[in-house]
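Me: I'd like to go through the packing in this one with you. Can we start with the rings and then move on to the rest?

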Amino acid sequence: MSAHPRVSVIMAVYNEERFLAESVQSVLAQGFGDFELIISDDGSTDATTEIARSFAEREPERIRLVGGERNQGKPFALNRALATRRGELIAWLDGDDVMLAGKLERQVQALDADPRAAGCTHDADIFDSDSGRTIGRFSQVMNGVPLRSGGIELWFDPTYRMLPSATMIRSSLCPPGGFEQRLTFTNDWFFDIEVFRHGRCIAIDDTLVRYRRHSDNFTTRADESGVSYEEGMMTMALVSARYPQLSRRARTVSAALTLGQARRHARQGDWREARRYAAAAWGSGGVRGVAGVGSALLRSRVSRRQIRP
């Protein structure tokens, strides 16, 4: 492998002993061979480190293991890997997800064809980890609509999500500080906003990764702990402070997040808290903003309900 591979595949892992071997093997099985794989171990306490080390010893020219003895959080682990990257392009892969054949090649081709694009994404198959059952396409299950190419507006659409393991970006567009370490669960959202200010995102209409759902998913823990709302609001505050030209978009997202909290409390029967959050959403988004966000969230929710098994 050259000293400057086209692609740096970055995996930040923590206690992934059940899934890591399958994830690494899916990278090694790619037909596109001009890549390096950097595994950043965030102080795992199970066999993750040993599994990663065995791959690095077997493929020393392709795989590097970096890590520390204590857990410092996913953004710290990602930044540690970013500091050692050599690739022109960066592909992310969570330690429990699986690349499908042709993923790297298709994404490199897409970015070569559009030099002004900042990055690209594609669809994913969501599957249940215990049974192996396919749940559906990520775009349909999570968004209710197909993926679409676009600019920075995609990251301010409260009904639209993209999967980190499906994203490839140009290494040169990484923000100087890397991932914001004050954000545990939404650091990838803020990072992408910083990257895609510089160019559009290409959507490839194909499933090129498998996204594993299980009880210990990073996003599952964020939703269950309740911090996803707080960190979402922190993210939008950082966006407004750092990029004032995006503050109007950030306010719309803040209204959507607050409206979501109102709905959450209403479902729990806590009408006092529901009214408080609804009033706050009204204040931050205004009549038109809240009405538009509310109708968009409702359409998205109905679409997702119709296609979920």
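Me: How many aromatic pairs does the count come to?

Reply: The count comes to six aromatic pairs, where rings of Phe, Tyr and Trp (its six-membered ring) pair if their centres lie within 6.5 Å, and planes under 30 degrees apart count as stacked, over 60 as edge-to-face and the rest as tilted. This is a predicted model, in which local features need pLDDT of at least 70 and side-chain atom pairs count only at pLDDT 80 or more, while totals for chains, interfaces and linings use all residues. Residues are numbered from 1 along each chain as its sequence is written, and side-chain values use heavy atoms, with hydrogens and water left out.

Me: ok, and what kind of pair do Trp92 and Phe179 form?

Reply: Trp92 and Phe179 form an edge-to-face pair, at 5.3 Å centre to centre with 75° between the planes. Trp92 belongs to strand E4 (residues 89-92), whereas Phe179 is in the loop between strand E8 (168-170) and helix H6 (187-196), 87 residues apart; helices (H or I, at least four residues) and strands (E, at least two) are DSSP runs, numbered from the N terminus.

Me: And Phe179 with Phe191, what's the geometry there?

Reply: Phe179 and Phe191 are stacked, 4.0 Å centre to centre and 10° between the planes. Phe179 lies in the loop between E8 and H6 and Phe191 in helix H6, so this pair ties together parts twelve residues apart in sequence.

Me: Phe179 and Phe191, buried or exposed?

Reply: Both Phe179 and Phe191 are buried, meaning under 20% relative accessible area, with exposed over 50% and partly exposed in between (1.4 Å probe, protein chains only).

Me: Switching to the cores: which residues touch the most other members in the largest one?

Reply: In the largest nonpolar core, of 39 residues, they are Val7, Val9, Leu37, Leu104 and Met168; such a core is a set of buried Ala, Val, Leu, Ile, Met, Phe, Trp, Tyr and Cys residues joined through side-chain atoms within 4.5 Å. Strand E9 (residues 201-213) gives the most to this core, with five residues. Apart from it lies another core, of 35 residues, among them Ile10, Ala12, Leu147 and Phe191.

Me: Last one, helix H1: which of its residues are buried?

Reply: In H1 (residues 20-28) the buried ones are Leu20, Ser23, Val24, Ser26 and Val27. They cover an arc of only 155° around the axis, which puts them on the same side of H1, the arc being that of the directions from the helix axis to the C-beta atoms.
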